[in-house]
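Thanks for coming. I have one structure to show today, and I will keep it short.

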Amino acid sequence: MRAPLRGRTACASLLTATLLSGCGGSAAGPAPQSPEPASPVQLCTKLISYWAEQDLTGGKWAGLDWEQKGLSNEQYELYSDIVQAARAEQRQHGTDAALTWLRRRSAERCKATNGATGSSENWRPPT
């Protein structure tokens, strides 16, 4: 037997209200804050440490070239230096010590070069 129209409307209204209340409350609440964009230094550090870690641990994509890795020319120079030194650290003190070392060194070198972005012919500042 079908429910009267008024009963179905009430059920639909209740269902809608329940769904809306479960999705974050009222529409009048504060808008979510957008995260701050990463600085060139932060991006440089993330890129270099990620790809250096891939090389040291034999990651699937470790063999990509600098453009495929999204590195500027200057970042690639830093990356190459860091990987070479991290390999020596790995031989002497193990992989965990080398990973810790390369993360710290990536942050230091990227900070010292302000993100190492200016040398790539293809690099353009953010708009």
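This is a predicted model: local features need pLDDT of at least 70, side-chain atom pairs count only at pLDDT 80 or more; totals for chains, interfaces and linings use all residues.

The protein has four helices and zero strands, so from the N terminus on the order is simply α-α-α-α. Of its 127 residues, 24% are buried. If we take contacts between residues at least 6 apart in sequence, 68% of them join residues at least 24 apart.

Now the confidence. The mean pLDDT of the protein is 79, with 69% of residues at 70 or more.

Next, the helix pair. Helix 2 covers residues 40-57 and helix 4 covers residues 95-112; their axes come within 8 Å and cross at roughly 155°. Angles over 145 degrees count as roughly antiparallel, which is why helix 2 is described as roughly antiparallel to helix 4. The crossing is right-handed.

Who makes the contact? From helix 2 the residues are Val-41, Cys-44, Thr-45, Ile-48, Ser-49, Ala-52, Glu-53, Leu-56 and Thr-57. From helix 4 they are Thr-95, Ala-98, Leu-99, Leu-102, Arg-103, Ser-106, Ala-107, Cys-110 and Lys-111. By type, the residues of this contact divide into ten nonpolar, five polar and three charged.

That is what I have.

Conventions
Residues are numbered from 1 along each chain as its sequence is written. Side-chain values use heavy atoms; hydrogens and water are left out. Axes are lines fitted to C-alpha atoms, for helices over the stretch in contact, and angles run from 0 to 180 degrees between N-to-C directions. Helices (H or I, at least four residues) and strands (E, at least two) are DSSP runs, numbered from the N terminus. Angles under 35 degrees count as roughly parallel, over 145 as roughly antiparallel, 65 to 115 as roughly perpendicular and the rest as oblique. A crossing is left-handed if the near helix is turned anticlockwise from the far one by less than a right angle, and right-handed if clockwise. Contact means heavy atoms within 4.5 Å. Ala, Val, Leu, Ile, Met, Phe, Trp, Tyr, Cys and Pro count as nonpolar, Asp, Glu, Lys and Arg as charged, and the others, Gly among them, as polar. pLDDT is the predictor's confidence in each residue, from 0 to 100. Buried means under 20% relative accessible area, exposed over 50%, partly exposed in between (1.4 Å probe, protein chains only).
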